[in-house]
Amino acid sequence: AMAAATSASEPLCEPAHHVDKAQKLIHVGPAKGRQHTATVLMLHGFGDTAAGWFEPAMFWAQRLPHVRFVLPTAPVSTTMGTTSWFDFGGGDVASTFDASVRALGAMIQQEEAVVGAGRVVVAGFSQGGALAYHLGLTRAGQRLGGVVAMSTFLLPEVDSKFSADARETPILICHGTADDRIPGGADGARRVRERLVKLGASNVELKIYEGMGHSATDGELLDILQWLRHTLPSYAASSAAPGSRL
């Protein structure tokens, strides 16, 4: 159904992919023989691993030949008993959160060294989305290429730490009307959009999916594909050459 929904004539590329078993890290893309000019860091949800997002990443990568998708796996938290980007409901919330922010921030910098500042999007699902917001919106200096927040929530501390440099960061919020896992549901996602606009974010798009639970659907993956095409265009599609965009 997914492939049928994109244009039938669209040729799919062949993304290279690599699994680092020791680090539980998966790379998908760029396409073989294509220059790597943009990166998407994809952060899974609580209790999941990088493998849980391999198929969506492959779907996107087949249609975005210049993009590398980097899928890390969260550490196993002894408190939570499973993979978790940070402890919650007890546990050591602050130190686990800071450790993930540092590790993922280093990954973003590594990618920026290759593709340039402003060419890295951080996407996240659920708990991973809360981190994507934090990484994208509290960052001083060069803004990220964008933030994709799927079925997630905005931590209260982002309000006080929102960076003026993040005002123009493109943000895509996706949420299902049948999601009962995130407090506030789809209305909560609408309120997050309002909070971000009040903070000064100027490029926030909200997509609400009728009947979607705490998961992802083909329609949502297609919308994210379109947004990524627009947010991280291949250089061939843009007049600016690498390095000429400030």
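1. A word on the model: it is predicted, so local features need pLDDT of at least 70 and side-chain atom pairs count only at pLDDT 80 or more, while totals for chains, interfaces and linings use all residues. Residues are numbered from 1 along each chain as its sequence is written, and side-chain values use heavy atoms, with hydrogens and water left out.

2. Start with helix α3 (residues 93-115) and helix α4 (residues 127-137), whose axes come within 11 Å and cross at roughly 60°. Helices here are DSSP runs (H or I, at least four residues), numbered from the N terminus. Axes are lines fitted to C-alpha atoms over the stretch in contact, and angles run from 0 to 180 degrees between N-to-C directions.

3. Which residues make the contact (heavy atoms within 4.5 Å)? From α3 come F97, S100, V101, L104, G105 and I108, and from α4 come L131, H134 and L135. They divide into 6 nonpolar, 3 polar and no charged; Gly counts as polar in this scheme.

4. Now look at how covered α4 is: 11 of its 11 residues are buried, meaning under 20% relative accessible area with a 1.4 Å probe, protein chains only. Among them are L131, H134 and L135.

5. Finally, find T231 in helix α7 (residues 218-231). T231 counts as buried because its relative accessibility is 15%. Its side chain reaches the backbone oxygen of W227 at 2.6 Å. Leaving out residues up to four places away in sequence, T231 touches V121, G145 and P170.

How values were computed: Helix = DSSP H or I, 4+ residues; strand = E, 2+ residues; numbered from the N terminus. Contact = heavy atoms within 4.5 Å. Buried < 20%, exposed > 50% of the residue type's maximum accessible area, 1.4 Å probe, protein only. Polar contact = N/O pair within 3.5 Å; in protein donor to acceptor, adjacent residues only side chain to side chain.
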